[in-house]
Amino acid sequence: MSGIGGGQQDVDIDLGGLFRAVWERRTRLLLATVCVAGAAFVTAKMIAPQYQSETRLLIESREPEFSGSNQLAQPGSDRVFDESGISSQVQVLRSADLIKQVARNMKLHERREFDPSAEPSALSDLLVMLGVRKNPLDLPPEERVLKEFDSKLQVYQVEKSRVIAIAFTSEDPKLAAAIPDEMAKVYFSLQSGAKLDSNSEASRWLEPEIANLREKVREAEAKVAAYRSSSGLLPTGQTENFATRELTDISSELARVRGERANAEARAKGVRTALADGRAPDTLTEVAGSQMIQRLKESEAAVRAQIADLSTALLDGHPRLKGLKSQLEGIRQQIRAETRKVLVSLENEARVGQLREEQLLQRLNTLKAQSAQAGEEEVGLRALEREATAQRQLLETYLARYREATSRTVANATPADARVISNAVVQSNPDFPKVVPITVVAALATFLVGCVVIMLGELFSGRALKPVSGAEPEDFGQLTPILAETEPAEPMLALADVADAAEQDLEPEKDTEPAESDFSIEFVAAHLLDRNVRIAVSVSPGGDEGSTATVMLARLLAEEGQKVVLVDLTGSACPTRLMAQSSSLPGITNLLAGEVAFTESIHADRFSEAHIIPQGNADARTAMRGIERLQMIVDALTNAYDLVLVECGPADATAVSKVARREGTEIILSASSVSDERIVELLTDLGEAGFRNIVLMTGQRESDPDFPHRRAA
């Protein structure tokens, strides 16, 4: 869609028109396609074949078998083989030193393929003499071989992998396969040699460093032992010394003594409370657990049993009973005495615990002071230990590296960090040129380019554009400048007068086609198509009935694929009512009055692909002042439409001459329901006015069930 002029036209591409244009030019298009395909085939056949082979390397960290389990790669050891590391290896394979070594090994300087400048052609010598080209022989042979070798070599990283491909192109398929393999061998040799040099240098550097570190470690450890002895920081474990360990033991003992004292005090308090309350002391755990009290309780129980036994036979005053009761009371006093002894024992135990606690507290305070002093001294000790540990770890690391580097100074002890996963294969089919694909692509490209050129020509000419249904037509921007440059002319015949001029006679054309036809709408449409008529002026002496037939003619031509526009110059606006969406749309009168843009006056037919410029709603007098523009408007419409059909209604020859002034304009006499005498008069009148191309249209179309709107007009 594109905006046109000031009306922002909505247009669409006529795909059918584009394909028709291509089909009409199919002969030239196919001829050009065949010629280009033949030229491509011959050219591809004349080119010397080139063969390409490829070797693939996998970049990975490789260690010698004797390195042992202690030499296993640590996490991150392949960090040099990330994306940038692989790219670096690609550049190594393309390095000049490696290529020169391969060229020397395979004696490529003896092959003319790698030094074509050694035998220059006459044209090359002439260009050198004229100064257009530098003399290639000025370069050393090795440089010339290197330049040619580099042009045939491709080294690249396989996407998302650690694989590097080495591809080489040559006229000799065996040489194309041998060079990538030789490059891999030279690359492995260079990589192994670099590792050997690195290990030798590392071992030479590590020897004096290790000797120096051993002395430093010995001195650091001696300082630690001397400081520990002078400070009395005797070690008792991994993380504590003697003072710290003793402080810990005293603290634990103090906690235990406090617990025991508290327990003794609680038990003594319980016994004391029981005695004060008069409760039986044997209910207390401390009392019941005493063996003496247990024996007294057994004696008490035996005496009670005797008293109970004798009470059944003796009175209370019996000496025997009195003796037993006195014995029972004595046992109870002994129990109370033993209970007090238990209480005193518990109190003594609590006092002893208190004294022990006080002693431990004194010792604890003393150890705290000693521990604080020991902590300050340990600061210096730890610093010395850290220094000794660091020196010892560095020495161990250097020793491990030295052993590893020494073990790899032997030839073949350090394999390259790469291995061949695919050797080059001698190719039987050339890599270039591919004759059939080149020919097919050239033919297809020529065909497509030709189609595009034809379609672009149709689009730029406007023939392949059509308006969207219900909107204005396509690209008429080229018409607007014509109208803009046209100045208003002197007053001419008003459209109202044209509409009223229906009383004149017309003279028939002398060359009018024979009357074997029925002069139907189909006949007139076929006549216009056969003669490729661009402008047709319809005169309808019968009024709206003739205008209706003209509308049907426009719709029939649109159905035949023609781009048709109907200009309504009638006084009754019959075509406008039949075709336009509304009778109040801007039209020819608005256009002549200069009130609207050119494209705003063109509208789509409701029932076909035809377009209409309706009568409009501008003032007739204002439009009359621009009547001279009418012929320019009609001429401009021919640039965008196949046929411009002007409906004048019942106009006379004078009014028709205002429109049909261009040579080749066809006059259609739409004389439905008009008498033969009247038709003769009208033809005579038009003939006297100088019109020769006159077509009579008197028949009507039959109703078509598939298109009911054809008769709706």
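Which residue in E13 is the bridge partner of Ile-667? The views below get to that pairing and to others in this predicted model.

**View 1. Here is the seven-stranded open sheet, with mixed pairing.** The strands line up as E9-E10-E8-E11-E7-E12-E13. Strands here are DSSP runs of E, at least two residues long, while helices are runs of H or I of at least four, and numbering starts at the N terminus. Two strands count as paired if DSSP finds at least two bridges between them. At the edges sit E9 (603–604) and E13 (694–697), each pairing on one side only.

**View 2. Zoom in on E8 and E10, which pair in the parallel sense.** Three bridges hold E8 (residues 564–568) against E10 (residues 611–613). One to look for: Val-565 has His-611 in E10 as its bridge partner. Helix H20 (residues 629–637) packs on the sheet here, touching E7 (535–539), E8, E10 and E11 (643–647). Touching means contact, with heavy atoms within 4.5 Å. The direction of H20 makes about 145 degrees with that of E11; axes are lines fitted to C-alpha atoms (for helices, over the stretch in contact), and angles between N-to-C directions run from 0 to 180 degrees.

**View 3. Now the E12 and E13 pair, which run parallel.** Four bridges join E12 (residues 666–670) to E13, and the bridge partner of Ile-667 is Ile-694. To get from E12 to E13, the chain passes through helix H22 (residues 676–688), making a right-handed β-α-β crossover. Right-handed means that, with the strands pointing away from the viewer, the path from the first strand over the helix to the second runs clockwise. In E13, Ile-694 and Leu-696 point one way and Val-695 and Met-697 the other, yet all are buried (under 20% relative accessible area with a 1.4 Å probe, protein chains only; exposed is over 50%, partly exposed in between).

View 4. Five bridges join E3 to E4 (residues 163–170), with Gln-154 partnered by Ala-167 in E4.

**Notes.** Residues are numbered from 1 along each chain as its sequence is written, and side-chain values use heavy atoms, leaving out hydrogens and water. Local features need pLDDT of at least 70 and side-chain atom pairs count only at pLDDT 80 or more, while totals for chains, interfaces and linings use all residues.
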